[in-house]
Amino acid sequence: MSEKHKHLLEPLNQRLVFKRLLTYAKPHWRWLIVAFILLIGGTGAEILGPILVKIFIDDYLTPGIFDTQALVWLASGYIGLHLSAAVMNYTQLLLFQKIALRIIQELRIDVFEKVEKLGLSFFDQFPAGGLVSRITNDTEQVKELYVSVMAIFVQNIVFLIGVFIAMFYLNIQLALFCLFILPFLIVIMQLYRKLSSKYYAEMSEKLSQLNARLNESIQGMAIIQVFRQERRMNKEFKEINQQHHEAWYKSMKLDGLLLRPAVDVISILALVMVLSYFGIMSLNSPVEIGVLYAFVNYLDRFFEPVNQMIQRLSIFQQALISAGRVFRLMDHDELAPDKEGSASPKLSKGEIEFKNVTFSYDGKQDVLKNISFTVKEGETLALVGHTGSGKSSIINLLMRFYSVERGEILIDGHSLKSFDNKEIRENTGLVLQDPFLFVGDLSHNIRLYDERISDADVVEAARFVNADSFIEEMPRKFQSPVVERGATFSSGQRQLLSFARTMAKKPKVLILDEATASVDTETETKIQEALERMQKGRTTIAIAHRLSTIKNADQILVLHHGEIIERGTHDELLLQDGLYHKMYQLQQGAKQLEEPLI
Amino acid sequence: MYQLKVFLDLMWYFKKEKWYYLGGIAILAVVSVLSLIPPYVVGVIVDHIHNNTLNEQVLRNWMLLLCGLAVIIYILRYLWRIFIFGSAIKLARLLRNQLYEHFTRMASSFYHRKRTGDLMAHSTNDIRAIEQTAGAGVLTLVDSLTMGGFVIVTMAVTISWELTLIALLPMPLMAFATSKYGSMLHKRFGKAQAAFSSLNDKVQESMSGIRVTKAFGYEKEEVEAFKKKSDDVVEKNISVAKVDALFDPTISLIVGMSFFLSIAFGARFVVNGDISIGQLTSFTVYLGLLIWPMLAFGWLFNIVERGRASYDRVSGLLKEKQDVKDDPGALNTPPTGEISFDVVQFSYKNADQKSLDNVRFNVLPGQTIGIAGKTGSGKTTLVKALMREFDAKTIFFGVKPLQSYTLDALRSSIGYVPQDHFLFSATIADNISFARPDASYKEIMDAAKLANIHEDIISFSEGYETVVGERGVTLSGGQKQRISIARALIKDPEVLILDDSLSAVDAKTEEAILESLRRVRRGKTTFITAHRLSAIHHGDLIIVMDKGRISERGTHDELMNQNGWYKKMYEHQQLESLVKKGGRSS
């Protein structure tokens, strides 16, 4: 990983992360209000239940009055309240979850969209695994924050407020006393949050060490066994396992000390307070037993939400860290090169000129040195040289994956930089060395996302590059499924498919990065035929490995360490008896050995 | 109910930790009984108030009792957690150690069959599920039975069994609903997981195929495709939420009904004088205590269902047989002397063609053997057979077959440098001294010098303490290769095997390493397999493998006279190195 990506690994300020996460909720305010109203309604209905029972006990049961009509009202009121509470609560629970899921989806799309906009320089250096995990796993952690932390907190807090309102309605003085419970709970919460974040961090650190060791051991088992280090590795693993166990044990003890058992103590103490209050009051004046019933009942329900909230505090912190990672990536500024200037020239003929182009990826080492050449409309230029000679860099520049800083590239006389990216992409067809196939079917892999390409065009493109024969042999033809990376197709078939994909666009300029993988003779013939047909009437720049491609080229450039050391046609270069001549010999020899070509 | 079988499967462990489990269960039962006291006190106080019989003395006594109770319950609750949950996480530790030890005994064929990801999943998720069963599973089983039982008995005995029966009518519904929702949730959750992993695959594909996307200018369309996948994820998760959101309302509805029944009928009992108004109040508090056991019973099945599947997987893994093991009576002395291959044939399991076919040759101590051939011709199989990664019969070492030595003894005679230069995420010094953790720094540096990597190492800012791997510096392939050569050389082994281990170093470094090998390997046997013939042309015997057979053999000069594959390849590679230098012979 290079220096300029190091900052992506540093954590962000948690408060800012939290604020930024909340802004994602803004567009949903309408539904959030609906959910809130339902939440308040549902909570209210649930909380009114004990009050009805209180009325029954104090006004009817204790004095012994049984008015049928009033009792029917009370009973149906009680049942009605519970039913409507159930419906409202179900709806609000679902609504909150839906909103949370939508928010996460937006966050995911935002980060994915951003990543797609980044330049290839980023992808060439940042490990793909890390990217995938940020886009999916980290956002999944954030989902926990919305779904199981924020939603639960909001619901439980509203419930607690409701309980207090009911208590105040029943008896202001006692309700005030009950408020004293809150500081105790807050202290426990704070204490738990502080300690658990430390303990959990330790535990998850140990767990990741444990998993890393396990993973590494499984992959390096052959080495461990050959070097007879099984006993030592077992011992070391046991030590890590023991450390993890101890961290786990500690956090389990913490849970035991501060979670349910502690909250239960407070709940019994609250009961003592309520009973003492009524007891003392009753010594002087009569009290309503129904009120006592209601208070005891509320206290019973009060502590479950508290337990739930405390337990979720640790998820909250993990989620914030993940969100920080996502935002880091979202803020990263390494965009793909874009058009410069206001003119928008059209690519019409396809004449390409490199003028003294020098290029370096890292600003230190030049991989291309003072490269100049011209390819006229319809001509073919072959680039030849061993690995690292700079052939691929020429293509990277021409496709504008990277921007030229020294020297200039002209297409049809206009600077490459003045073109819309779209104009370049639509009119140049790049055939990659590694013919990447997407999961889907064959016609999708030829058409990709271009809806203008009809089914007939797809078939036509496949026929044009000789891919139709093997496709027609498959039972589902163009609808044949393609698995991950096209693993079920031979490398020759994959190459033909990537030809078809390029030709379906009918590009004006063709850029070929020929695959080195050897294929069977029959497929090779097909590939060569296809290549010849593809080049006809098209400006072509090819990183060539095939002798046929090289021989037919109008111009050959031989590159070595970023410089053009020989140029000319095949026959001219053979006469020079230089590097090209040696490479030619090598290739002829390789054929006899059936070794992969250079 | 058959899922509960997992408790029988785990019985060996419960027995092993019986005092903790029995103690924990006993404490749980005591806690259940003690939890019945507060509601009883509520009833007593209410009755006293109702009958105007309350005085300060009575009130104070009862309240002190409750406070004392709170402390006792707190301690007991903490204790059973330590006993039961503590034992469960000990089980996790135990199983993890067992699995790891088992892994170290498994031969390469095992690792070809299993994917690393699956083995990791068994060692993490499955063990987690088993731990849950041995902890939360036991708790919910015991708690729902004791707590539920005591509460019901108390309600029936101290208040009214008729009222108890009436109030309990809706409760089975709750156990049924939670278990039903639980299994629905499990299924839908599986689908949501699948949608998520398909989203993950999509992102993976987008990142790997970014070149195609950029070349065709389809970034926007990729985002659209991603959106569609994420829609699916949202949809599947909403279907999870639809079930998940059912839990709370259902529970409070059922509990509400139960309360309603007990108040409605309880009022009748009060009017008839069967129970007091205080008893009715206690009754409703008892009822509140029943919610948890009922819920727990529903959950129990979900915990146990997962635990059982996980336990089956883990114990299946632990039952895997060892492919390569010590013969009874095998010698524990490291072999020395002549090595002779007399392999009639060997093929890997489930493979059609022979990997080794009629391979016979002798190697005297001190000789260097070069092995050449195309990819897949059997070069690596040949050297791995010597290390007994699998058993190919018969190879003799010091006149006895390999099987007559213990694996430990045999491998202590061998130093191996693999093709895929695997290093551990540790310091360079630790990696080099892997086989001899007690090696001195000087020995480590000597080995590094022999492997021509010393200069590279001291150029790192941390020198030999530089950490390699994901968390540390990224080494080039050539550097990794040379470190793994040093790792083998520090053993100064009887037999050294270099399996295509010079492929990533340049010609000059290769020459330097070969030169130091010539020096330190005098009198000891060295096997070198190579694609590049310059690494083996000095060998005392060179073998060319083709489809598992020896197709050419002899010294370099002899092979050059044979005009076969070796000669052609050699000339080809000469030319190739010329091209690499830019066509000018130097």
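## Helix packing and chain contact in a predicted model

Colleague: Why are H7(B) and H13(B) called roughly antiparallel?

Modeller: H7(B) covers residues 116-159 and H13(B) residues 277-318. Both labels come from DSSP runs, numbered from the N terminus (helices H or I, at least four residues; strands E, at least two). Their axes pack at about 155°, 6 Å apart. Axes are lines fitted to C-alpha atoms, for helices over the stretch in contact, with angles from 0 to 180 degrees between N-to-C directions. Under 35 degrees is roughly parallel, over 145 roughly antiparallel, 65 to 115 roughly perpendicular, and the rest oblique. H7(B) and H13(B) are therefore roughly antiparallel.

Colleague: What residue classes make up the contact of H7(B) with H13(B)?

Modeller: There are 24 nonpolar, 12 polar and four charged residues. Ala, Val, Leu, Ile, Met, Phe, Trp, Tyr, Cys and Pro count as nonpolar, Asp, Glu, Lys and Arg as charged, the others, Gly among them, as polar.

Colleague: Where does H7(B) bend, and by how much?

Modeller: At Thr133(B), by about 30°. That is the angle between axes fitted to the seven residues ending there and the seven starting there. H7(B) has 44 residues and reaches 60 Å from its first C-alpha to its last, close to the expected 64 Å. The expected span is 1.5 Å times one less than the number of residues.

Colleague: How do you know how H3(A) runs against H12(B)?

Modeller: The axes of H3(A), residues 68-117, and H12(B), residues 247-271, come within 9 Å and cross at roughly 170°. That value makes H3(A) roughly antiparallel to H12(B). The contact has 11 nonpolar, four polar and one charged residues.

Colleague: Which element gives the most to the side of chain A that touches chain B?

Modeller: The contact takes 112 residues from chain A and 107 from chain B. Two residues are in contact if their C-beta atoms, placed from the backbone, lie within 7 Å. H3(A) gives the most on the chain A side, with 21 residues. That side divides into 64 nonpolar, 28 polar and 20 charged residues.

Colleague: Why are H18(A) and H19(A) called roughly parallel?

Modeller: H18(A), residues 491-503, and H19(A), residues 521-535, cross at roughly 15°, with axes within 10 Å. H18(A) and H19(A) are therefore roughly parallel. Their crossing is left-handed. Contact residues include Leu496(A) and Phe499(A) of H18(A) and Ile527(A) and Ala530(A) of H19(A).

Colleague: What joins Lys393(B) and Thr394(B)?

Modeller: A cis peptide bond, with omega about 5°. Thr394(B) is in the loop between helix H14 (379-386) and strand E4 (395-397) of chain B.

Key:
Residues are numbered from 1 along each chain as its sequence is written. Chains are lettered from A and ligands numbered from 1 in the order in which they are written. This is a predicted model: local features need pLDDT of at least 70, side-chain atom pairs count only at pLDDT 80 or more; totals for chains, interfaces and linings use all residues. A crossing is left-handed if the near helix is turned anticlockwise from the far one by less than a right angle, and right-handed if clockwise.
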